[in-house]
Structure formats: structure tokens, C-alpha cells
Amino acid sequence: MTLENLASQGNHVIQVSMAAGIGPRIREIRKDYIKESFTDFQELEHRLEKVANVHGIEFINDSRATNVNSTWFALEIMSKPVIWIAGGVDTGNDFTILQELIRKCVKAIICLGQDNELLISAIRETNVPYLTTQSMTEAVELAYLAGTKGDVVLLSPACASFDLFLDYEDRGNAFKKAVRNL
């Protein structure tokens, strides 16, 4: 099976797919069945979920990314300039591990949440422009205004959601609603 035939793309998908294929092969499940499951896999809601394309700007909901590692994988697979919506309740994350990726692919950051001091401290060192807000509607509007045709607006918070939302699903649904209202 070629990598291009995987239902989802990105290094993390390749790694997970390879690991997920070991068990069925040990159990002697036919390769055709394994291949079919990898080619028609349905993405999880709120995990790199494509929401809409508005005037050439793609909006992606990755609200499930409640830690730095999940956000790292999301940023790592982006092939277009990113306007990144991040922030929330910090659970002891080390945001500095994102700095190289931020410099490489992020053109602007919208910090969403009540207390993002550690995130902002890490962002400042990258010299990428950022704005802060406590409203998802405003975060989406600011991201849209910062974007141009060919950009991606990525909600991948790297934080828990409990400062402004009930949970990551509530946060992701608020993002989708705000995008649809643009």
C-alpha cells in the first residue's frame, strides 16, 4: 500500500497506521482487509476536521489537541501558511517545543483564553505576531482577517478548554459555528 492511499495524511498518521497494522497481521487477517480499513478510515470529529473554505482560506478544527504533542503533529503536517488559534487552560505544557514549527509555518497566532502567559511567553521568542481574545467568534474573525487566499486557520489549542468552554467538543462546535457565520 502506498502512503498516498491512506485516508489521512501526515507523519503521525503513517506512524499510527504502521503500528495499527501489526496486530491484525499477527492475527493473520488478510492484507486486503487491513488496506481497506486504512483507505476508508473516517476522521474523528474535532481532530484535524476540515470545516470550510471561506474565500480560499481553509478552516480546520483540531479542538481535541489539548496538549503540546497533539498540536505539534497538527502543525507539522501543515503545508500552507497557518493562522493558529491556541490557548486555554494550561496543564503544565512546555510550549517552547513548538517554537521551531511556529517559526516555520505560522504567520499569525490568536491566543484564545483567560490565562495564556506561558503560551505568550513562548510565542514572543518566535517573533510571530499574535493577538489575544476571550471570544471564539472574535478569534475566528481575527484569524480570517489575518489570512489570505491559500492560508489555513487551524484551531489546535494545545490546552484544555475549561476556561471558556464545557469541554473540547463545546470549543470545537463554537469554532465551527463561528466559521459558518463568517
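1. Of the 182 residues in this predicted chain, 45% are buried (under 20% relative accessible area with a 1.4 Å probe, protein chains only; exposed is over 50%, partly exposed in between). The chain exposes about 9800 Å², with 51% of that supplied by carbon and sulfur atoms (Shrake-Rupley areas, 1.4 Å probe).

2. A word on the ground rules: numbering runs from 1 along each chain as its sequence is written, and side-chain values use heavy atoms, with hydrogens and water left out. Since this is a prediction, local features need pLDDT of at least 70 and side-chain atom pairs 80 or more, while totals for chains, interfaces and linings use all residues.

3. I get 7 helices and 6 strands (DSSP runs numbered from the N terminus: H or I of at least four residues, E of at least two). Their order along the sequence is α-α-β-β-α-β-α-β-α-β-α-β-α.

4. Now the largest nonpolar core, which has 26 residues (buried Ala, Val, Leu, Ile, Met, Phe, Trp, Tyr and Cys joined through side-chain atoms within 4.5 Å). L75, W84, F95, V106, I109 and L154 touch the most other members. Elements giving two or more residues are α3 (68-76), β3 (82-86), α4 (99-105), β4 (106-112), α5 (117-124) and β6 (152-155); α5 gives the most, with 4.

5. Have a look at I109: beyond its neighbours within four places in sequence, I109 contacts W84, I102, I123, V128, P129, Y130 and L131 (heavy atoms within 4.5 Å). Apart from this core lies another, of 19 residues, including M136, A139, F165 and V179.
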